[in-house]
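Here are my notes on the model you sent. Please read them with the structure open.

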Amino acid sequence: MKAITQEITEELLAVMDMYQRIARQLIDQLILETDQPDRTAILAGAYDMLTNADVVHGGEELTGNWYFDVHGEHCMFKNTETGQTLEVALGSPADVGNIDPYFFYNFIKTTPELAHLTSNFDHPFQDMLDFFEHLEAQHVLFHVHGVEYRKLL
């Protein structure tokens with residue numbers, strides 16, 4: 001990993017906010033635009049019950065050209081027009097804000113206006129994990145579980 005300047009750090013922290021905002025919007029869309037069998041429990045916060053349910057308006061994508069794939073503890077969203085990809089943690093509403101180092105790198109890589117930031121990471125997963133651990137030591141991120149982190153502010 002190259003030395004990450006304060007300017008790049010601040011840009012990456014802003015990107016984390018963007019990632020979390022988009023993740024929350026997409027989960028809301030998934031809940032509202034699909035025929036979820038356990039809607040009551042999901043609306044009460046049981047996001048781990050989300051499924052690859054049918055899109056209510058027909059088709060296979062959510063509004064805005066978002067393809068989705070619920071699998072295990074995550075839902076992968078991919079914009080079929082732009083290629084932008086987010087992997088969102090499920091479980092509870094709070095878990096949607098969790099950020100995995102590799103998934104975050106992939107989000108940056110697949111977002112054209114952010115792709116330049118990938119040049120700071122020679123080894124996508126390990127370098128991003130090192131960066132997250134550095135931010136955790138500075139009390140900017142906190143470790144949730146596994147390799148998932150969440151921004152404190």
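1. Basis. This is a predicted model, where local features need pLDDT of at least 70 and side-chain atom pairs pLDDT 80 or more, while totals for chains, interfaces and linings use all residues. Numbering runs from 1 along each chain as its sequence is written, and side-chain values use heavy atoms, without hydrogens and water.

2. Phe142. Strands (E, at least two residues) and helices (H or I, at least four) are DSSP runs, numbered from the N terminus. Phe142 counts as partly exposed because its relative accessibility is 31%. The classes are buried under 20%, exposed over 50% and partly exposed in between (1.4 Å probe, protein chains only).

3. Cavity. How many cavities of 30 Å³ or more does the structure hold? There is one. The largest cavity has a volume of about 40 Å³. A cavity is a set of points, on a 1 Å grid over the protein atoms alone, where a 1.4 Å probe fits but cannot get out; lining residues have an atom within 4 Å of a point. Points are joined across faces, edges and corners, and the volume is the space filled by probe spheres set on them.

4. Lining. Residues lining the largest cavity include Tyr19, His74, Glu87, Asp100, Phe103 and Glu148. By class, its lining has four nonpolar, two polar and three charged residues. Ala, Val, Leu, Ile, Met, Phe, Trp, Tyr, Cys and Pro count as nonpolar, Asp, Glu, Lys and Arg as charged, and the others, Gly among them, as polar.

5. Cys75. Its place is strand β2, residues 74–79. Cys75 is buried, at 0% relative accessible area.

6. Positive phi. Asn65, not a glycine, has phi near 70 degrees. Asn65 lies in the loop between α2 (39–43) and β1 (66–71). His139 also has a positive phi, about 60 degrees. At 64% relative accessibility, His139 is exposed.

Terms used
On a 1 Å grid over the protein atoms alone, a cavity is a set of points where a 1.4 Å probe fits but cannot get out, and a pocket is an open set with protein on both sides within 12 Å along at least five of seven lines; lining residues have an atom within 4 Å of a point.
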